[in-house]
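Please open the structure in your viewer and keep the selection tool at hand.

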Amino acid sequence: KPVRHELAGAASHTSGRARKGNSLREAIERETDRPMAKLGWLASLAAAVVVVVTLRSPLAAAQLRPGYYASICPNLETIVRNSVRQSMAQSQISAGATLRLFFHDCAVRGCDASIMIVNSNGDDEWRSPDDQSLKPQGFQTVLDAKAAVDKDPQCRYKVSCADILALAARESVVQSGGPNYQVELGRYDGKVSTKSSVVLPHVDFNLDKLNAFFSGLGLSQTDMIALSGGHTIGVTHCDKFVRRLYTFKGARPQYSPPMNLAFLRQMRGTCPLNYSPTTVAMLDAVTPNKFDNGYYQTLQQQKGLLSSDQVLFADRRSRATVNHFAANQTAFFDAFVAAMAKLGRIGVKTAGSDAEIRRVCTKVN
Ligand code: HEM
Ligand SMILES: *[C@@H]1O[C@H](CO)[C@@H](O)[C@H](O)[C@H]1NC(C)=O
């Protein structure tokens, strides 16, 4: 019987099959007592203080290497590649969902697949407000790849969920038209997942806050700008940018980088004041589903939906890098690959009491 993530399972109650992002929000609103439709933009306003936990672990990271499973599970990369291809054929949004899942895993407690753990007491990362917009398709892509890996008797229970997630993220990039790159492997899975450990960047962060967050992970401003290029695929819900479209009475005035006026009017059509909580818009208005440098051109045209994206062009200190990536896709791809390697080394765990190879990605052994 195939394993399903609780999130995917909950979504399937309403949709039959977790193909659309729509059912996720319904699932989340049943799961939690904080309906995001109402609290979304207020919640991001409330994100005043940034706490950055340093997760750098140079000793463990030094042991990662691309050939880690060469004798343990020689067909690993082919198995994951084919499985992700199937997931992407089933759902157009699975690539973006998987790439984002990798970021949300690595940035919290390191790349240890802790984001996938479902705790029976309800205290786990994916149920935190910041992870509520993660889509079930990302979880399902990893669960399906894990099932495919474990079907091979040589590989069964020998490949960590953290490594499968790292490989699935790479495949999501490559199979969307992005750069191919080697993935360092040898991560162990963590055993702990709690709501309170989730600290992630918010859409109202200015450049200084974005830099502070990423430097806490050992990443530079250039890494941050390159990784934000992950927004070249995928979508955002209206609640993440509706504050930039209207003036809300009584709301604390807040800086919003300039938006192209025709585009702003168009987005008011997409997200009216009584927008549906399931409505989404593409993060890259230029080339929505293709992994390319269209995201940076979107920012140059001032069509970035998230304030945290558009600020990269609005702030003089980061604009040159945006212009560079917009003009030269090879430069973006090179920087993205380098930054993904750094992201993939954050807080890596090796064999020991605090880590294991999980048999079921949603459960500690
Ligand atoms: C720089 C700070 C970042 C902020 C503030 C941020 C914020 C967001 C937000 C608000 C969304 C839309 C969620 C929704 O409404 O459904 C989103 C989507 C996404 N993010 Fe980020 N993000 C950041 C960095 C990253 C990084 C580093 C990556 C990976 C390299 C990434 C990958 C994605 C992807 C692929 C999506 C689309 C997800 C989907 O379509 O389901 N983001 N991000
Ligand atoms: C684009 O960037 C690449 C990689 O940094 C570099 O080798 C190449 O010369 C650049 N191309 C142009 C036209 O500037």
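Two residues are in contact if their C-beta atoms, placed from the backbone, lie within 7 Å. This is a predicted model, in which local features need pLDDT of at least 70 and side-chain atom pairs count only at pLDDT 80 or more, while totals for chains, interfaces and linings use all residues. Residues are numbered from 1 along each chain as its sequence is written, and chains are lettered from A and ligands numbered from 1 in the order in which they are written.

Begin with His104, which UniProt lists in an unreviewed entry as "active site", an annotation that may be inferred rather than shown by experiment. His104 belongs to helix H6, helices being DSSP runs (H or I) of at least four residues, numbered from the N terminus. Leaving aside neighbours within four places in sequence, His104 is in contact with Ile115, Asp131, Leu134 and Leu200.

Next, select Thr232, Asp284, Thr287 and Asp292, which the unreviewed UniProt entry annotates as "binding site". They span 61 residues in sequence, yet no two of their C-alpha atoms are more than 9.6 Å apart, so they gather at one spot. Thr287 sits in the loop between strand E3 (280–282) and helix H12 (294–300), strands being DSSP runs (E) of at least two residues. Asp292 is found in the loop between E3 and H12 as well, and, not counting residues up to four places away in sequence, Asp292 touches Gly177, Thr232, Thr287 and Gln329.
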